[in-house]
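Please look over the model shown below before reading on.

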Amino acid sequence: MECTINWMPATGMGMVAETGSGHVLLMDGAPDGGGRNLAPRPMETVLAGTGGCTAYDVVLILKRGRHEVTGCQVKVQAERAPVDPKVFTKIHLHFAVSGKGLPALAVERAIQMSHDKYCSATIMLAETAEITTSFEIVEA
């Protein structure tokens, strides 16, 4: 896996990341740090990637279990250390999983499997952050 990040001086602190899979992601900083608030902060992209990683796992695990999952939303809330390096210290992931007749135990198991075994992002971030989860099932 690879990624190339280029700073765009004319934007203040804007950056463009080109991923190894050929996609582009824009990032920027807050105005008080020289940015112009034109794109997500780099650490916000870490959280977004973490939510995407675990949502991917949960959906895939439920589908492989032959459950009728039709949607998955993850709301991620995080706290950071007050001093540099401002690592994440707490991360909470709330899953809203939609489907027909989804058993709560299956959803809980899928989230736990992602958290314990499959999601590289949450497993890595658990080295510095307390990670908690919750979920709700939305009948579709």
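**Pockets, sheet and helix packing**

Arg41, Met43, Glu44, Leu47, Arg80, Lys86 and Phe88 line the second largest pocket, where a pocket is an open set of points on a 1 Å grid over the protein atoms alone, at which a 1.4 Å probe fits, with protein on both sides within 12 Å along at least five of seven lines, and where lining residues have an atom within 4 Å of a point. The model is predicted, so that local features need pLDDT of at least 70 and side-chain atom pairs count only at pLDDT 80 or more, while totals for chains, interfaces and linings use all residues. Residues are numbered from 1 along each chain as its sequence is written, and side-chain values use heavy atoms, with hydrogens and water left out.

**Second largest pocket**

- The volume of the second largest pocket is about 170 Å³, a volume being the space filled by probe spheres set on the grid points, which are joined across faces, edges and corners.
- Its lining divides into 3 nonpolar, no polar and 4 charged residues; Ala, Val, Leu, Ile, Met, Phe, Trp, Tyr, Cys and Pro count as nonpolar, Asp, Glu, Lys and Arg as charged, and the others, Gly among them, as polar.
- H1 gives the largest share of this lining, 3 residues; helices (H or I, at least four residues) and strands (E, at least two) are DSSP runs numbered from the N terminus.

**Largest pocket**

- The largest pocket holds about 260 Å³ of space, and its lining consists of Thr45, Val46, Gly49, Thr50, Cys53, Ser120, Ala121 and Met124.
- Two or more residues of that lining come from each of helix H1 (42-64) and helix H3 (120-125), with H1 giving the largest share, 5 residues.
- By class, the lining of the largest pocket has 4 nonpolar, 4 polar and no charged residues.

**Sheet**

- An open sheet with mixed pairing is formed by 3 strands in the order E4-E5-E6, two strands being paired if DSSP finds at least two bridges between them.
- Strand E4 (68-80) and strand E6 (130-139) stand at the edges with a single partner strand each, so one side of each has no neighbour in the sheet.
- E4 pairs with strand E5 (residues 88-100) in the antiparallel sense over 12 bridges, and Gly71 stands opposite Ser98 in E5.

**Helices across the sheet**

- H1 lies across E4 and E5 and runs at about 150° to E4, with contact meaning heavy atoms within 4.5 Å.
- Helix H2 (residues 104-118) lies across E5 and E6, running at about 150° to E6; axes are lines fitted to C-alpha atoms, for helices over the stretch in contact, and angles run from 0 to 180 degrees between N-to-C directions.
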